Amino acid sequence: MNNQISRVAMVALLLLASLIVATTYWQSWEAPTLAAKQDNAIQRVAQFRIKRGLIYAADGKTVLAANIAKKGAGGTLYFRRYPKHGLASQVVGYSTQGRSRAGIERQENAYLTAANANLGTIFDNLSERLKGTTVKGNNLVLNLRPGAQWLAETALRGKCGAAVVLNPKTGQVYVMASSPGYDPNKIESSAGYASILNSPSACPGSASPLFNRATQGLYAPGSTFKTVTAAAALDSGKYTPNSQFYDPGYCTEYGVQVHNALDQNGPEQFGNVDLIQAFIHSINAVFCDLGIKLGAKAILDKAKDFGFYSSPPIELPPSEVAPSGPYNFAQHRLIDNPGVLDPGRMAFGQDKLLVTPLQMALVAAAVANDGTIMQPHLVNKVTNSSGRTVVKVHPQVWKHAMKPATAAALNQMMQGVVQSGTGTAAQISGVKVAGKTGTAETSEQNVYTAWFIFFAPADDPQVAGAIAVEHQLNGFGGAIAAPIAKQLMQAILASTSKH
Amino acid sequence: MGARALTLSYRNRELVYLAVVGVLTGIGFASVYIARQSLVSWGSLGYAVFFFALYIAAHLVARITVPDADPYLLPMAGLLTAVGVTEIYRLGVSDAFKQGLWIVVGVALFALALWGLRRDYRVLEQYKYLFGIGAIALLFLPRVPGIGTTVNGARLWVHFGNFTFQPGEFSKVFLIVFLAAYLREKRELLAQARLKDVGPLLVIWGACMLVLVSSNDLGSGLLYFGIFLAMLYIATARLSFVIAGIVLFLAGGVGAYEKIGHVHERVTIWLHPWTTQKVYCPPTGGLALRQDCESYQLVKSLYSIANGGFGGAGLGKGTFATTDGHQLIPFINSDFIYSALAQELGLVGAAALLLVFMLFAARGMKIALQADDGFSKLLAAGLTFGFALQTFIIVGGVLRIIPLTGITLPFVSYGGSSVVANFLLLAGLLLVSDRANATR
């Protein structure tokens with residue numbers, strides 16, 4: 001009988017050994033998948049035992065997200081508190097039990113809960129667990145300048161829109177504001193959440209305060225897109241800044257006249273102009289003509305060099321960053337085939353083009369930084385609970401948008417816009433400011449999205465950015481958006497020179 | 001014998017291992033105390049002291065009755081009950097107290113069995129039909145009106161006043177004794193596969209299966225079937241019996257899947273615990289994601305295991321409730337105790353626990369190999385295989401290797417009948433081992 005007993009013993013031991021294999025599978029191989037499941041209540045509760053890292057603004061002092069400890073039946077739990085009640089609300093996001101997470105709180109959750117695979121963090125975490133102390137997350141220091149951020153949110157208060165300001169040489173994001181904002185402390189309670197969703201706002205339809213208009217808001221770029229069209233023209237080698245055009249006050253496309261926009265002084269006609277003048281005075285007829293000659297494909301290829309068609313790699317959840325480009329409105333997706341597009345109207349930023357304020361800030365940054373776009377960064381560094389730096393974010397190139405010579409020519413043209421064109425409201429005494437206005441038509445008559453993209457100082461750019469303000473009745477980019485840009489540039493340049 | 005004089009005797013070895021288990025139990029309760037100071041008192045350490053004393057008493061009985069028995073089984077059983085009671089204590093203090101009482105009953109019956117059968121346990125062979133009929137009677141007990149109780153869709157419990165027990169656990173031990181005796185007697189005849197000899201076997205086995213399937217106790221059904229096949233194979237050496245048995249079982253399984261709603265549900269949960277779209281939810285009659293409905297337990301238990309990771313949350317530091325105290329996993333201290341342990345002890349601890357189960361099974365099988373007579377071999381192998389298969393069925397169900405069926409984890413789960421029955425199993429193994437070693 002012993003032969004049979006040995007075989008049965010082998011079967012019994014193999015059955016038990018398979019349990020060890022299966023346990024290993026669930027606890028190591030499948031653990032991250034299960035941890036990410038939406039209905040994983042254990043994970044959600046367990047995360048509240050961790051003292052999440054704090055989120056600081058660039059000064060390292062202003063706390064955007066902190067914790068409050070609550071003694072419960074199973075020990076101390078830590079809940080999020082947002083001491084600034086909504087400064088950079090959509091960027092910081094929230095971390096709650098009921099509604100999970102959003103913004104940086106979501107995207108950088110691994111750092112904030114010290115679950116990141118950094119060797120030092122793992123050892124700290126292990127020793128904290130062994131000592132039975134609370135696991136402390138890593139802190140984040142953002143690039144957001146609290147003063148300028150506050151200024152931007154104040155300027156946009158009562159309006160719907162967004163502002164993005166960044167350093168074109170490093171990609172550090174100084175300001176990212178989306179109006180209306182919200183108080184993240186209200187998210188957890190259902191009454192508070194409802195009050196956020198139902199808050200009154202200046203924009204018709206849904207106010208959507210949770211929506212980050214800076215990275216998700218899709219607007220027609222209007223004339224700010226002429227920067228991309230001009231770059232396409234100059235990079236093609238077929239045009240120079242001095243190329244001559246004739247402006248009859250309209251351009252003819254598909255046999256139909258497309259008239260110049262009602263700029264500040266009504267419909268205009270400039271006659272013989274060069275590309276510089278056409279850009280400074282934002283002449284639609286010239287760009288329409290130029291667009292038809294270049295073709296939709298050439299314009300879109302250049303747009304792709306600027307990062308269109310891809311979501312800028314920034315420290316926000318992928319679902320909160322939209323790509324820019326020509327959209328099929330009905331299906332809410334990008335159009336791949338240039339053949340269905342209208343090159344003339346697209347050349348001055350209309351037709352089916354939709355862009356995010358972040359993307360347009362990167363267009364300005366490309367001109368400012370000799371044609372190179374740096375990867376935008378909201379996070380400056382990650383520090384552990386004792387203040388030691390765990391990760392320092394270094395500048396990285398994202399795109400080569402155009403030739404340096406093209407960037408230099410556009411720099412001059414954008415300075416001309418502020419000196420003597422449509423963007424004079426952005427002038428700062430003693431500082432060379434470059435910019436481009438945009439007054440984008442919307443589906444409603446006489447209602448525009450007011451745009452301004454900018455950088456300064458033009459000879460040594462420290463800041464670049466974009467302002468977009470929605471639903472402006474007869475409101476022009478130069479009049480609505482440019483003054484906000486001026487305020488932000490002044491504030492940041494003043495604080496930067498002090499450093 | 002000469003070699004043994006140089007080392008510790010079997011019983012002294014057992015004492016040393018029990019001391020190690022005692023220290024481990026103390027550390028376990030201390031860590032629960034440290035982690036949950038707000039909820040438990042220093043009195044918890046009293047449990048550790050009490051357990052140590054209880055096992056010393058069991059050891060002293062073994063010293064007198066089975067001096068030559070295997071020295072590892074009692075300490076391993078002690079370790080498993082200690083791990084179980086520590087975790088049960090951590091999950092709920094009152095259940096741990098009840099479990100403690102059951103362990104006292106278990107040790108008392110263990111001592112009684114050793115004492116009563118110390119001369120020759122093989123007298124049991126003479127009463128084999130009594131054991132066979134007893135096994136069926138015990139299985140039928142919960143169906144008797146007035147004393148049977150239905151819990152979670154299965155009618156498995158018997159209650160007398162406040163006292164509840166699950167006779168199926170004892171029925172398992174009885175059936176193994178019957179099979180060992182019957183198969184020893186008829187093994188040569190059975191190998192010829194004549195209906196006259198196979199008949200009584202099939203009748204008793206068939207009756208058990210009928211009761212189990214009709215009472216929705218699929219886990220026990222699988223367990224009995226496995227034990228039956230393993231013992232039949234050991235007795236007859238006919239692999240064809242095993243293959244035929246497995247084919248029959250699979251055919252029956254497919255039939256049950258088609259016809260019996262309860263079985264269909266278990267298999268569906270096993271194959272597709274998560275759905276992305278809402279499906280029909282039988283308990284509410286509405287639509288819900290399956291992970292929020294039928295497979296709620298399994299899915300939550302997997303989350304618990306995964307949350308343990310490599311090192312575990314630590315005894316007393318796992319998450320089993322929401323922040324407002326709502327329990328996340330039902331039956332956490334019985335059917336799902338393994339997912340609680342896996343979360344708190346991590347892969348390291350869970351694998352160590354499973355290794356103890358493996359060592360226990362290996363020692364049991366070694367006893368079967370060393371035994372001199374067919375009855376002893378079949379008894380030891382049957383008891384050990386039953387122990388191993390029961391562990392596989394519940395932990396394998398929790399780990400989604402097989403469909404999940406409610407059954408206890410030997411020595412660890414909360415449940416009086418299970419603990420007591422497993423102490424009887426332990427007594428049986430020690431008796432066989434003592435005889436095998438003494439006659440050597």
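## The E7–E8 hairpin of chain A

In this predicted model, the hairpin that joins E7(A) and E8(A) has six residues between its strands, and one of them deserves a look on your screen: A:Gly171 takes a positive phi near 85°.

A:Val165 stands opposite A:Val175 of E8(A), while A:Ala162 has A:Ser178 in E8(A) as its bridge partner. Is E8(A) buried or exposed? Seven of its seven residues are buried, so E8(A) is largely enclosed by the rest of the structure.

## The five-stranded sheet

Five strands of chain A make up an open sheet with antiparallel pairing, in the order E8-E7-E22-E21-E20. At its edges are strand E8 (173-179) and strand E20 (434-441) of chain A, each of which pairs on one side only. From one strand to the next, the twist averages 10°.

Although E8(A) is an edge strand, recall that seven of its seven residues are buried. Pairing on one side only and burial can be read separately here.

## A:Ile453, a residue inside the sheet

Strand E21 of chain A spans residues 447-456 and contains A:Ile453. Why does A:Ile453 count as buried? The cut-off is 20 or more other C-beta atoms within 10 Å, and A:Ile453 counts as buried because it has 35 C-beta neighbours inside 10 Å.

Which residues does A:Ile453 contact, leaving aside its neighbours within four places in sequence? The list holds A:Thr224, A:Thr227, A:Met360, A:Ala361, A:Val363, A:Ala364, A:Gly435, A:Lys436 and A:Ala466.

Strand E13, residues 325-328 of chain A, pairs with E14(A) in the antiparallel sense over two bridges. Within that pairing, A:Tyr327 stands opposite A:Leu334 of E14(A).

## The two chains in outline

Chain A has 17 helices and 22 strands, and 54% of its 499 residues count as buried. For chain B, the secondary structure comes to 15 helices and five strands, with 52% of its 440 residues counted as buried.

In chain B, the corresponding share is 71%.

One helix of chain B is handy for a geometry check. Helix H4 (residues 73-91) of chain B has 19 residues and reaches 27 Å from its first C-alpha to its last, close to the 27 Å expected at 1.5 Å a residue. Of those 19 residues, 18 are buried, so H4(B) is largely enclosed by the rest of the structure.

## Where the chains meet

Across the interface, 50 residues of chain B are in contact with 39 residues of chain A. On the chain B side, the elements that give two or more residues are helix H2 (10-35), helix H9 (218-236), helix H12 (296-308), helix H13 (337-370) and helix H14 (374-398) of chain B. Which of these gives the largest share? H13(B) does, with 13 residues. By residue type, this side of chain B divides into 33 nonpolar, 15 polar and two charged.

In soluble globular proteins, nonpolar side chains tend to be buried together. Here the largest nonpolar core has 157 residues, and those with the most contacts inside it are A:Leu16, B:Ala180, B:Met231, B:Ile234, B:Ala381 and B:Leu430. H13(B) gives the most to this core, with 17 residues.

Leaving aside its neighbours within four places in sequence, A:Leu16 is in contact with B:Leu354, B:Phe357, B:Met358, B:Ala361, B:Ala388, B:Thr391 and B:Phe392. A second, separate core has 130 residues, among them A:Tyr56, A:Leu142, A:Ala177 and A:Met489.

Methods: Residues numbered from 1 in each chain as written. Chains lettered and ligands numbered in written order. Predicted model: local features only at pLDDT ≥ 70, side-chain atom pairs only at ≥ 80, totals over all residues. Helix = DSSP H or I, 4+ residues; strand = E, 2+ residues; numbered from the N terminus. Buried ≥ 20, exposed ≤ 12 C-beta atoms within 10 Å, placed from the backbone. Contact = placed C-beta atoms within 7 Å. Nonpolar A, V, L, I, M, F, W, Y, C, P; charged D, E, K, R; others polar. Expected span 1.5 Å × (residues − 1). Pairing = 2+ DSSP bridges. Axes fitted to C-alpha atoms, helices over the stretch in contact; angles between N-to-C directions. Core = buried A, V, L, I, M, F, W, Y, C linked by C-beta atoms within 7 Å.
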